[in-house]
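Trainee: Please show me how to read the packing inside a protein model.
Mentor: Look at the model first, then we will take the features in turn.

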Amino acid sequence: INFALMVSKEFPIASKPGEYLAFLVYLIPTLEGTGYFYYAVDAYSGFAIQLGMDKNDDPVTILKNIYLLTENPDFLQHKNKEFTLILDEYEDLLERIGTIINGVNGRILIDKSYHQYIIAPVLKSLGDFLEKGLNKKVD
């Protein structure tokens with residue numbers, strides 16, 4: 001498995017799209033329970049690739065959504081280029097995640113601070129969007 005564990009305040013600077021992608025699970029409460037929305041956020045552009053949504057975040061679902069990243073048309077624009085998947089957890093799944101992304105020139109970096117740095121604008125945008133939707137008048 002090609003991975004690193006990093007804790008720092010000095011983050012790698014993405015120099016091109018698709019170089020660093022943060023895997024994000026966004027939870028939304030629904031009447032049927034929690035909804036889990038899966039994204040990969042590009043550190044270079046801030047673009048969020050929606051991978052899927054599900055009713056859980058068990059290991060099989062996490063792995064499925066990482067696999068879906070490797071098949072996503074937005075990801076495939078950068079295929080044959082090395083990339084690093086930034087995670088904030090899932091140490092217990094490293095070997096299985098590595099099996100999925102090694103075939104597409106992927107590496108894993110576990111760094112909670114860097115992950116938070118990449119996803120923060122997307123979280124704000126999603127929060128603003130949901131708040132705006134909740135405050136809309138229904139005619």
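**Helix packing and cores**

Mentor: Helix 1 and helix 3 cross in a right-handed way, meaning that the near helix is turned clockwise from the far one by less than a right angle. Helices here are DSSP runs of H or I with at least four residues, strands are E runs of at least two, and both are numbered from the N terminus. The model is predicted, so local features need pLDDT of at least 70, side-chain atom pairs count only at pLDDT 80 or more, and totals for chains, interfaces and linings use all residues. Residues are numbered from 1 along each chain as its sequence is written, and side-chain values use heavy atoms, leaving out hydrogens and water.

Trainee: At what angle do the axes of helix 1 and helix 3 cross?

Mentor: Two packed helices are described by the angle and the distance between their axes. The axes of helix 1 and helix 3 come within 9 Å and cross at roughly 15°. Helix 1 is therefore roughly parallel to helix 3 (angles under 35 degrees).

Trainee: Which residues of helix 1 and helix 3 meet?

Mentor: From helix 1, Leu63, Ile66, Tyr67 and Thr70 meet Arg96, Ile97, Ile100 and Ile101 of helix 3 (contact means heavy atoms within 4.5 Å).

Trainee: Which residues touch the most other members in the largest nonpolar core?

Mentor: In soluble globular proteins, nonpolar side chains tend to be buried together. This core has 23 residues, and Phe23, Ile62, Leu69, Leu85, Leu87, Tyr90 and Ile97 touch the most other members. Core members are buried Ala, Val, Leu, Ile, Met, Phe, Trp, Tyr and Cys joined through side-chain atoms within 4.5 Å, buried being under 20% relative accessible area with a 1.4 Å probe, protein chains only. Helix 1 gives the most to this core, four residues.

Methods:
Buried means under 20% relative accessible area, exposed over 50%, partly exposed in between (1.4 Å probe, protein chains only). Axes are lines fitted to C-alpha atoms, for helices over the stretch in contact, and angles run from 0 to 180 degrees between N-to-C directions. Angles under 35 degrees count as roughly parallel, over 145 as roughly antiparallel, 65 to 115 as roughly perpendicular and the rest as oblique.
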